[in-house]
Amino acid sequence: MRRSLETIVLIATVFLCVAAPAPALAAPEGTLTVAVATFGNERWLPHLYVGAEDVVLKPLWENLLSRDGKGNLIPLLAERWQVLDGGRTWRFHLRKAVRFHNGAELTAEDVKFTFTAIAKEGSANSLAPEFRLVKSMEVEGPYAIAIRFEKPFVTLGNRVTQGLFGSVAYIQSKKYIETTGEDGAERHPVGTGPWKFVEHVRGDRIVYEAVEGHWRAVPHFKRLVFLKVPEPATRMAMLRTGSADVIESGGEYVDELKKVGMRTLTMPNTVAIWVILGGQWPTRPSYDPKVPWALPDAERARKVRLALNLAVDKKALFQQVLGGVGAPVGTVNYYPTDPWISDALLKPIPYDPVRAKTLLAEAGYPSGFEVTMNLTAWPGRGFLPDVGEAVATYWEKIGLKVKRRPVDRAVFAADFRARSYAGVALAYAGPIIGPEPWELFYRISYSKAAVHLLTEHPKLDAFIERLGAEPNPTERARILRDEMGPWLYDYMPAVAIGATHSIAGVGPKVGDWPLIPGHMGVHNWEYVMRAR
Amino acid sequence: MWRYLIGRALQMVLSMLVVISIVFVLTRLSGNPVHLLLDVNATERDQAILTHHLGLDKPLPVQYGIYVRNIFMGDFGNSVLTRRPVTEHIWERLPATVELGFVAMFLSVLIGVPLGMYSAVHRGSVLDSAARVFAVLGQSMPAFWLGLMLILIFAVILGLFPAGGRGGVESIILPAFTLGYFTSAAILRLTRSAMLEVLGSDYVKFARLKGLHEQVVLWKHGLKNALLPVVTFAVMLFVQFLGGAVVTETVFAWPGLGRLILESITTRDYPIVQAGVLVLSALYLVGNLFVDVLYSYLNPRIRHARA
Amino acid sequence: MPARSRELPWFAGAILVTLVLTAVFAPYLAPQSPTEGDITQKLIPPVWMERGEGRHPLGTDRFGRDVLSRVIYGSRISLVVSLLAIGLSGTFGTALGLISGYRGGFTDSLLMRFADIGLSLPTILIAVVLVAVSEPSFRNVILVISLLLWPRFARQIRGETLGIKEQDFVALAVVAGRSSTWIICRHIFPNVVPTLLVISTLQVGYVILLEGTLSFLGVGVPPPNPAWGLMIADGRGFLATAWWITLFPGLAMLLTVLAVNLMGDWLRDHLDPKLRQLGSRAEAEPAIEPVPEARPRGAAAGADGG
């Protein structure tokens, strides 16, 4: 649903469909080395990985469903499925003769086991809150399972699909984990994916080997090695010298990669960037009504929000800070290719520092106010501190005093849980963990969820609940376009920046790399071809 | 001698206790690892369960007591992240760490000693100054900068060595040089002043009077006697390289102990940070003791002074 | 000693004088503001290159800030950080060293054990933990560095004190019934000043490098401060497209640290007759600590500290 076919820009030339992969002609050969900044939690059980580490986990496992170029759900481990009872029941029919790397066949018991593990108490899996909504799971024979919910869960398909970020509902083997024990399964995990586990040295390397005769795709390379290289300049040098064949990158390095003659691979519109104006949770003790953009005086808050938006030249920001990778969008967490985008929602609030200053004065801040800009580098989103710095510089031009506060992720997460973000701004990038914008808001700004990174507001709650219960995708798209979008545009305590792309730097050993339309990020290592 | 050693050992145990306490307090102050282990949308209950599971819900003095007791029983605890024994993770890093430390020390001596000797023999000459400037230069830029420059020149442009990661012999040269060049200035100074002293001593003068060849005098009498401080210093360097090479290990993606500890700080993996720092401090103190003993054993002057 | 090495190191001296003058007169020398930038003016190359502009003689950085102005203002940060950190740790370390050396006995053992513990902690890692506990700020960087430096002063000053204590004039003062404080202040302290000066100078380079390293690890002076270390760290991934944003602060740092180290070496040879006389014995004696570099901690922590 998320993006239509014609907008998929493929810098690598060919493309291939997941549903009908061309089998590799030659036997797998050679090694594909990928240098990444982090491995995340480095855990191997469904309730122990979070989701951010999917880049290094995806080779090993598979989800029930996949996505096509239009964002429609298509079969993967499940060959078909039904949504019944307005989304209260989902029935999946599994593909037969899919085998785990230890030889055991995939059955419905494995699905039940995995989903139960994800929902466990104390589970780290980012899908846990949603899988806890499951009322019951019935195994209907070896290849069928029915999952029932109390209330309709219309987007379960997006939770169990390959291709989105953090899609870590990978099906694991019940029997293997039960017989080997959790420790054993962690030391040598098995999955159904096109790569099997060889070695994991914590904080250093993860090594996979191609599964010959895999049901879906036989990799072109024999070995897939992930190296953890925290220093970006070293990753670049490794790519240039051939010590690495693929590196994760960001818009900030695009010019540099071009300059040194490296190829880049772009997966468009995978991450939405905005600057959060923190502290908007009026029901919580940490709420500070004196913050300029706080609610009590709605008119003042609106003026301040508008001024902070008008102060930032989003177009220049994309050009200069993000290497021209991506485009501004006016609404938070909407993408230019969304079916529910409209011209009005797409158009960013213009760059007008003079009007911004006037508005600030009208709001009672003729000489600005003090604000703290948190600078946190998220793995894979290394451009965020740069965005924060650029926005801070713009704000200073309309008279704000901006204190930069570099925080590491542990401090950030703790502050965030304590909701101690009154008066603090922070650049944030939401990756596509669900194609519809409300799916992300459900996680980060729904007052009944555990945390609210962004804001909480009865109106937003109402949107989330309404959309979550609406089984008709066309009607959901209408609500997103005509109701929620405009509301977000006006109300959201944030500076919307826009959508950016995932970038990979690619070395000479890599041949064609058919990005799979509908799949986010560069995760599909089994389709990477060897250079001739 | 034995009394002295036992005394020192006791002092060391006490020192280690202080180190443990400092690191314990610091890590606890730095935040709860649970925040990073769980997704941002984990519930309070999930956090509570995991916190309890990790034993982090107990009062700090109790946690401290358990920790110290376990250490005395040889148990450093499990990594918060992997829940495997900390010792397993530290052992995993040891080969790479020892390898890098050893080669770096070797390179440091290889640069520092000849330059130091040369500079002592030709004291005051332009070449003396040049040698010293060369060595001091290595000490005048941040290691990460030197490392990145070496990568750019020797890996990217000349293609002589790999840019990062631990592979064959060739992969160790650049990180070891980054460390070794930095410390070579100190070796040079030590060698130089030790040589100057030795060369001014009576028995070298006597050797010269005997008509021995100047090179023989230098290498046999001079260096041999100047070597002791250099060797002991090199031993301590090695000990220090084991954990003190954080930046170099990061720049070269070298899987060493320093990086393990650094990354464990960012993930708040307390047990690894605690055990890691403890091991490094212990190595330092043991190294120090070793050097002291070596001295009093080899150098009668000091033995007398101590007595 | 041959005449040559007796001469003042003019090169180093000139650089240091320039540095201090630059720092003092930074507002008059810098053509632009060091922190205000315009991202549309980013990565303008130095003036002699194609696309270079006269307004930005050394070009602009990734946020359109003037590199020359940042390098000029950066001298202030380097100077202030090293002066404050060394002042703080030097005062504390010297005081403890004097007390420890003069008192001897239990006080001495206790204080020196603490200094040993301080030296045995892995500098960089502890700095990272400390900053994680607090948060990166100018003040915290200075505090962290001071906390890591004081044992070096304490160890060395104590060693000096031990020697001075044995001399006749101290014994006379004791006989004359002078208080310990009086003796330490009037007799011992003046005699350790040369050593203090030497250690302090030799630490300046280390502090500047340490500040840079902390920036590399993301726990140094926070942006947008024009700290050299931060500038180098910030530009390290853009060497092919914009080498000037790292080269110039890098050169400034290199020259400064080089000059300070050469100056320190010279001072050590000339100002401190005791060290000169002791020669290698003092350097080799593990219990005394004449040159910081002779202590492995200094060297190896520095290996990365730098």
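I looked up the make-up of chain B and got 14 helices and zero strands. For the record, helices (H or I, at least four residues) and strands (E, at least two) are DSSP runs, numbered from the N terminus. Reading along the sequence, I get the pattern α-α-α-α-α-α-α-α-α-α-α-α-α-α for chain B.

Before going on, a note on what I'm using: this is a predicted model, where local features need pLDDT of at least 70, side-chain atom pairs count only at pLDDT 80 or more, and totals for chains, interfaces and linings use all residues. Residues are numbered from 1 along each chain as its sequence is written, while chains are lettered from A and ligands numbered from 1 in the order in which they are written.

The C-alpha trace of chain B spans about 85 × 60 × 30 Å along its principal axes. I then checked burial: of the 307 residues in chain B, 51% are buried. Buried here is 20 or more other C-beta atoms within 10 Å of the residue's own, exposed is 12 or fewer, partly exposed is in between, and the C-beta atoms are placed from the backbone. For contacts in chain B between residues at least 6 apart in sequence, 70% join residues at least 24 apart. A contact means that the C-beta atoms of two residues, placed from the backbone, lie within 7 Å.

Is helix H9 of chain B buried or in the open? It covers residues 202-209, and of these eight residues the number buried is zero, so H9(B) lies largely in the open. Just after H9(B) I noted Gly211(B), with a positive phi of about 85°.

Next I picked Leu218(B), which sits in helix H10 (residues 214-244) of chain B. Leu218(B) counts as buried because it has 22 C-beta neighbours inside 10 Å. Leaving aside neighbours within four places in sequence, its contacts are Met117(B), Val121(B) and Leu223(B). I also took a C-alpha to C-alpha distance: Leu218(B) and Tyr203(B) are 12 Å apart in space and 15 residues apart in sequence.

**Where A meets B**

I counted 41 residues of chain A in contact with 40 residues of chain B. On the chain A side, helix H3 (128-131), helix H6 (232-241), helix H13 (409-417) and helix H14 (437-444) each supply at least two residues. Which helix gives the largest share? That is H13(A), with seven residues. By type, the chain A side divides into 21 nonpolar, ten polar and ten charged. The classes: Ala, Val, Leu, Ile, Met, Phe, Trp, Tyr, Cys and Pro are nonpolar, Asp, Glu, Lys and Arg are charged, and the others, Gly among them, are polar.

I zoomed in on Ala413(A), which lies in helix H13 of chain A. Ala413(A) is buried, with 25 other C-beta atoms within 10 Å. Setting aside neighbours within four places in sequence, Ala413(A) is in contact with His35(B), Leu36(B) and Val40(B).

**Domains of A, and the core**

Chain A is assigned domain 1 (2-10 + 28-245 + 507-527) and domain 2 (269-501); such bounds come from an automatic or database domain assignment. Their centres, taken over C-alpha atoms, are separated by 30 Å. The contact takes 22 residues from domain 1 and 21 residues from domain 2 of chain A.

I then looked for the largest nonpolar core, which has 351 residues, and Trp274(A) and Val128(C) have the most contacts inside it. Such a core is a set of buried Ala, Val, Leu, Ile, Met, Phe, Trp, Tyr and Cys residues joined through C-beta atoms within 7 Å. Helix H8 (residues 170-200) of chain B gives the most to this core, with 16 residues. Domain 1 and domain 2 of chain A both give residues to this core, so it lies between them. Val128(C), leaving aside neighbours within four places in sequence, is in contact with Leu262(B), Ile265(B), Leu217(C) and Val219(C).

**Chain C, last entry**

Chain C has 13 helices and zero strands. Of its 306 residues, 58% are buried. In H6(C), Thr123(C), Ile126(C), Ala127(C), Leu130(C) and Val131(C) meet Asn140(C), Val144(C) and Leu148(C) in H7(C). That contact divides into six nonpolar, two polar and no charged residues.
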